[in-house]
Amino acid sequence: MHPSSPAARPSLGCAPHVGRTRRRLAAIARRLAGERGAATAEYAVATMAAVGFAGLLVVILRGDEVRGILTDLVRNALTVG
């Protein structure tokens with residue numbers, strides 16, 4: 001008798017749908033096992049995109065024209081009246 005056959009396992013007094021649910025969950029777990037690390041890879045891609053965007057902002061904000069616009073914006077915001 002095969003160890004995984006129903007007759008080889010001790011009966012827990014479970015309803016038939018419980019065994020079916022367990023089998024379905026086991027099948028889903030097997031399918032998802034190949035997805036390990038996917039979330040980490042997605043975080044890595046998003047982090048690299050954020051770093052690239054930040055680098056682009058640094059290049060843009062270093063320009064004299066943009067710096068002048070931002071300085072004027074801050075001065076206008078801080079002036080009273």
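A salt bridge, defined as a side-chain nitrogen of Lys or Arg within 4 Å of a carboxyl oxygen of Asp or Glu, links Arg75 with Asp72, and the closest N and O atoms are 3.9 Å apart. The structure is a predicted model, in which local features need pLDDT of at least 70 and side-chain atom pairs count only at pLDDT 80 or more, while totals for chains, interfaces and linings use all residues. Residues are numbered from 1 along each chain as its sequence is written, and side-chain values use heavy atoms, with hydrogens and water left out.

By the stated rule, the count comes to 1 salt bridge. Both partners, Arg75 and Asp72, belong to helix H3 and are 3 residues apart, about one turn of the helix. Residues are termed buried under 20% relative accessible area, exposed over 50%, and partly exposed in between (1.4 Å probe, protein chains only). Arg75 counts as exposed because its relative accessibility is 52%, whereas Asp72, with a relative accessible area of 42%, is partly exposed.

The protein chain contains 3 helices and 0 strands, and its elements run α-α-α from the N terminus on. Helices (H or I, at least four residues) and strands (E, at least two) are DSSP runs, numbered from the N terminus. Of the 81 residues of the protein chain, 1% count as buried.

A nonpolar surface patch is formed by Phe53, Leu56, Leu57, Ile60, Leu61, Leu70 and Leu73, with about 660 Å² of accessible area together. Patches are made of residues with over 30% relative accessible area and no salt bridge, like charges being joined within 9 Å and nonpolar side chains (Val, Leu, Ile, Met, Phe, Trp, Tyr) within 5 Å. Helices H2 (38-61) and H3 (64-78) each supply at least two residues of the patch, and the largest share, 5 residues, comes from H2. Leu61 is found in helix H2 and counts as partly exposed because its relative accessibility is 42%. Apart from neighbours within four places in sequence, Leu61 is in contact (heavy atoms within 4.5 Å) with Val66, Arg67 and Leu70.

The predictor's confidence in each residue is given as pLDDT, from 0 to 100. The protein chain averages a pLDDT of 79, and 72% of the residues score at least 70.

Methods
Areas by Shrake-Rupley, 256 points an atom, 1.4 Å probe, with all protein chains shown as cover.
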